[in-house]
Amino acid sequence: MGKKVKKESETPCKETFEALPVESKTPATAVLLLSSPEEEILIKACEAIHAFAEKGDENKVSLLGLGALEPLCKLITHNNKLVRRNAFMALGIMAINGDVKSALKKIDVIPSVIDKLSLEEDTVVQEFATLCLASLSLEFVCKVQIFENKGLPPLIQLLSSPDPDVKKNSLEIIFNLVQDYQCRMAVHDLGGIPPLLELLKSDFPVIQHLALQTLQNVTTDKDTRNAFRGEQGFDKLMDILHNTDFGDLHAEALHVMANCLSDSESVQLIHKGGGLTRLMDFLLTPNLPEIQSSAVKCIARVAQSPENCKLLHEQNVEKVLVELLSVADISVKTSTCQAVAAMSFHLASKDRFRDLGGIPAVVQGLSSESLKLREAATQALSTLTHNNPLNAFAVYEAGGHEILVQQLCGSCPRMLANAAATLGNMARQDVIRSSILSHGAIPALVEPLKSTDTQVLVNTTLCLAMLACDAEARAELQSAGGLHPLVNLLQSYHKEVLHNACLAVNVCASDEPTAVEMCKFGALEMLQEINQSVNRRSSFSNLAMISLLNSNLSIKYSLTGHLASNDIIGDGFYDAGKAPAGQRTLTLEELSKQPVNQHRPIIVVNTTSEKKKEWDKQRDETLPGSPTEKPWKMMDDVSLQVLVKEAKDSILPLNDEREQYAALARLVSEAMGGAVETEKLHEFPWVLHLSELKFQLQSNVIPIGLITRGIYCHRALLFKCLADCIGISCTLVRGEYNRAWNEVLLFSGDPSSNGRSSQSCRYIVDLMHRPGSLLAANTPAAVQYQTI
C-alpha cells in the first residue's frame with residue numbers, strides 16, 4: 001500500500017525560507033511544534049514527522065502515542081498550501097499503519113480529506129489524501145462515510161490524473177468501495193466506466209490489475225454491462241487477451257468477460273469479433289490452469305441461455321470440455337464440471353457428452369478429495385441425467401450411483417441436493433433402482449428429510465418418490481424411521497417441497513402398513529387441512545389423500561362413511577364409527593389397549609385361519625432379528641371363518657346374480673338375529689348384546705362373527721365383508737343413527753335383443769326387515785330403509 005508507483009522525485013514546491021533544524025529534535029518536539037502559530041515551523045514540523053513516520057511502523061505508532069494525529073487532521077485544512085501539503089504527507093504515510101487507522105476511524109477526518117480531492121489541488125495532496133483514504137476504505141464504516149460524503153465523484157475524476165500514484169490510490173479506494181452493491185451502481189451512474197477502461201492501457205501493471213478487478217465487480221450489474229458494451233469494452237478486453245505480453249492480465253480479463261457473457265447480445269458481439277474462438281484457444285492453453293479455469297467459467301456463463309448453448313454446441317465445445325476433465329488441476333476440473341452442468345440443459349449437448357465418453361470422467365470427480373469438485377460433479381450429473389435415460393444408464397455403468405448414495409450422508413447441502421436429484425433421475429429405470437436400493441439409499445435419505453435446506457428437501461422427497469415404488473423399499477423406509485420426517489414435511493409452506501412430499505406420501509401409501517404408520521403420525525389430518533386451504537391444496541395433495549385412504553379402508557370408512565365396490569375389506573379392517581372432525585383416528589392396536597368404556601364397540605374383521613396364524617408365528621420366530629416381545633395380535637374369529645366358508649359353498653354356485661345377493665342377505669340376517677319387523681325394532685336387544693360381549697371379552701374391540709344380535713351397521717359391514725371374500729360387488733355406506741346399507745349394481749334387459757344395451761340399476765339390499773329384498777335406489781322403500 002505504501003509503495004509508490006512512480007519513482008521518488010524532489011518536492012515540486014521549493015521552500016522560500018531558512019531551514020528550521022527540527023530534524024535534530026525528538027519526535028515529541030516535532031509533535032509539539034504542530035501547534036505553533038508560525039507557518040514556517042508548521043511546514044518543517046510536518047516534514048519532520050513525515051520523514052520519521054516513513055522509517056517504519058514503530059515510528060508511526062510512536063507518533064500516535066505522542067498525539068500527532070489530531071493536530072495533523074486539523075492542518076490538512078490549513079490555508080497555507082505548503083502546510084496543507086506536508087500535513088497530508090505525514091497523515092497519509094501514518095494512515096497505512098493498522099493502529100493509526102483504528103485511531104483515525106474515531107476522528108471525523110474523512111470529510112476534510114474528501115474536500116481536498118479536487119483536480120485543482122496540489123498533486124502531492126491528492127496522492128497522500130488518496131493514500132489515507134485507501135487505507136481507511138478497507139473498513140466498512142469508513143466505506144460508508146466516504147460514499148455518504150460524496151467521495152466517489154472526485155475519486156472517479158482522479159482516475160484521469162496525470163500522476164500514476166494518484167491513479168493507483170484512487171483506483172484502490174474505488175475497488176474497496178465497489179464490494180458493496182450501492183457503490184457499484186453509483187460508479188456506472190457517475191460515468192466511471194470510460195476512465196476504468198482507459199486505465200487498461202496504463203504502463204503500470206498494478207493499475208491494470210486494479211482496473212480489471214474493479215471492472216469485474218461493477219459488471220455484475222446489468223446496466224453497467226450495457227455501458228461497458230457501449231464503450232467498446234469488449235474490444236479493449238480482446239486487445240488484452242490477444243496480446244501475449246499481457247499474459248498476467250488474461251485471467252482477470254476473462255473474469256470480466258465471464259460477467260458480460262450472461263447477456264445474449266454481448267455473446268453475439270464477442271462471437272462476431274472472434275472472441276469465442278479465442279476463448280476456445282484459452283481452454284486448451286497448457287500449463288496455465290488459472291487461465292484455463294477462467295476461460296471455462298466464461299463458457300459456463302455463455303451457456304446460461306439456450307441460444308448461447310446452441311452457439312457453443314456448433315463450436316463443438318463439448319469435445320474441449322471432455323478433454324479438460326482429464327487435466328490434473330482441481331480448479332480446472334471443477335470449472336469444467338460447472339460448464340458441463342450449464343451446457344447439459346441443451347439436449348444435444350447432453351447426448352454429445354455421453355457419446356464423447358465424458359460421463360465416466362465426471363463420475364471420477366465424485367471421489368475427489370476436493371469438496372468443490374465433488375459438488376460440481378454432482379451438479380453436472382444432475383443435469384446430464386435429467387430426462388435422459390441413456391445418460392442415467394451411463395452413470396450407472398460407471399458406478400456413479402454407489403458413490404452418490406454415500407454422498408447422501410454428507411454435510412454439504414448443495415452436494416446432497418444434487419446427489420438426490422441424480423439418484424431420482426436414475427431410479428426411473430428398474431434395474432438401476434434395484435441397484436441403488438441395494439446400496440442403502442433408503443436409510444441414507446432419512447436424515448436429509450429433516451434438513452432445513454429447501455433444495456435438499458425438494459430433491460430428497462422427489463428421489464424418495466422414485467425409489468419407494470418397491471414394497472421392500474417402503475418397508476425399509478418404515479423400519480429406518482423415515483415416515484415420520486416425511487409426514488412432517490406436509491406442514492411445509494414451500495410449494496415445491498409440499499408437492500413432492502405429497503407425491504412421496506402417495507407412493508408410500510401403496511400398501512397398508514406404511515399407510516397406517518403415516519396416519520399414526522397425523523398425515524390424514526394434515527392432508528385434510530391442506531385440501532381445505534385455497535393456497536396450499538393441489539392435485540398432489542388430493543392424490544396423496546386418496547391413496548392414503550385407499551390403503552387404510554378403516555380410516556376411509558370412518559372419515560368418509562363410504563366404501564366403493566373396489567374397496568375390498570381385508571383382515572384387520574375395523575369400524576370405529578364416524579371420526580370426529582380434526583381428530584386422529586386411532587389404530588386398532590391402540591383401541592384394543594384402551595380400558596373397557598361405555599362407548600360403542602369397535603367391530604373388527606379377521607378371517608385368518610388358525611393354521612395360517614401358526615405358520616406365521618413359526619415364520620416370525622425363524623426370521624433373524626425377530627423381536628423377543630410378543631407382538632399384538634387380533635382376536636380369533638372362528639364364527640366369521642364359518643360364515644365365509646358357508647358363503648363360498650352356498651352362494652357362489654348360484655348362477656343368477658340377483659339371487660346371489662338375496663341369498664347372501666339372508667345368510668347375514670340369520671347370523672345376526674334374523675328379520676325384525678320395523679314396528680318391533682325398538683325391542684331388538686342389540687345394545688344389551690354388545691355390552692355383554694364387551695364385558696365377556698374385556699375389550700372394546702369385538703370380532704364381527706361373535707355378534708348374533710346385530711342392527712343395520714353390523715349387518716351391512718358383514719355383508720360387505722362376505723361379498724368381498726367371495727368376489728361379488730357391493731358398496732358400504734354409513735347413514736345416521738346406526739344406519740348403514742349396501743348398494744349393488746344389477747343389469748336388466750338382453751344386450752342381444754333389438755340391438756339395445758342392458759340398463760344398469762342401483763339397489764339397496766334389505767338385511768333387516770325383509771332380508772334378501774332388493775330396493776331400487778331413491779324409491780320410497782329404499783329411502784325408508786336408509787332413514788328412521
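User: What makes R536 count as sitting over the face of Y493?

Analyst: A charge sits over a ring if NZ of Lys or CZ of Arg is within 6 Å of the ring centre and within 35 degrees of the ring normal. R536 lies 4.2 Å from the ring centre of Y493, over its face. Keep in mind that this is a predicted model, where local features need pLDDT of at least 70 and side-chain atom pairs count only at pLDDT 80 or more, while totals for chains, interfaces and linings use all residues. Residues are numbered from 1 along each chain as its sequence is written, and side-chain values use heavy atoms, with hydrogens and water left out.

User: Which ring does R734 lie over?

Analyst: That's Y557: R734 lies over its face, at 4.2 Å from the ring centre.

User: How many aromatic pairs turn up in the whole structure?

Analyst: Three. Y557 belongs to one of them: its partner is F573, and the pair is tilted.

User: Why is the pair of Y557 and F573 called tilted?

Analyst: Rings of Phe, Tyr and Trp (its six-membered ring) pair if their centres lie within 6.5 Å; planes under 30 degrees apart are stacked, over 60 edge-to-face, and the rest tilted. Here the centres are 6.3 Å apart and the planes make 40 degrees, so "tilted" is the label. Y557 is in helix α39 (residues 553-560), while F573 is in the loop between β1 (562-563) and β2 (574-575), 16 residues away. By the way, helices (H or I, at least four residues) and strands (E, at least two) are DSSP runs, numbered from the N terminus.

User: How do you know whether Y557 is buried or exposed?

Analyst: Buried means under 20% relative accessible area, exposed over 50%, and partly exposed in between (1.4 Å probe, protein chains only). Y557 has 1%, so it's buried. F573, at 4%, is buried too.

User: What makes Y712 and Y785 an aromatic pair, and of which kind?

Analyst: Their centres are 5.3 Å apart and their planes are at 80 degrees, which gives edge-to-face.

User: Why does H188 get the label it has for accessibility?

Analyst: H188 comes in at 23%, so it counts as partly exposed. It lies in helix α12 (residues 181-189).

User: What angle do α43 and α45 make, and what is that called?

Analyst: Helix α43 (residues 657-671) packs on α45 at about 130 degrees, with the axes 10 Å apart. That makes α43 oblique to α45. Under 35 degrees is roughly parallel, over 145 roughly antiparallel, 65 to 115 roughly perpendicular, and the rest oblique. Axes are lines fitted to C-alpha atoms, for helices over the stretch in contact, and angles run from 0 to 180 degrees between N-to-C directions.

User: How do you know that β5 and β6 pair?

Analyst: Two strands pair if DSSP finds at least two bridges between them. Strand β5 (residues 732-734) and β6 have two, in the antiparallel sense. R734 has A740 in β6 as its bridge partner. The open sheet runs β1-β5-β6, with β1 and β6 (740-741) at its edges.

User: What makes β2 and β4 edge strands?

Analyst: In the open sheet β2-β3-β4, the pairing is mixed. β2 and β4 (701-703) each have a single partner strand, so one side of each has no neighbour in the sheet. β2 pairs with strand β3 (residues 602-604) in the antiparallel sense over two bridges.
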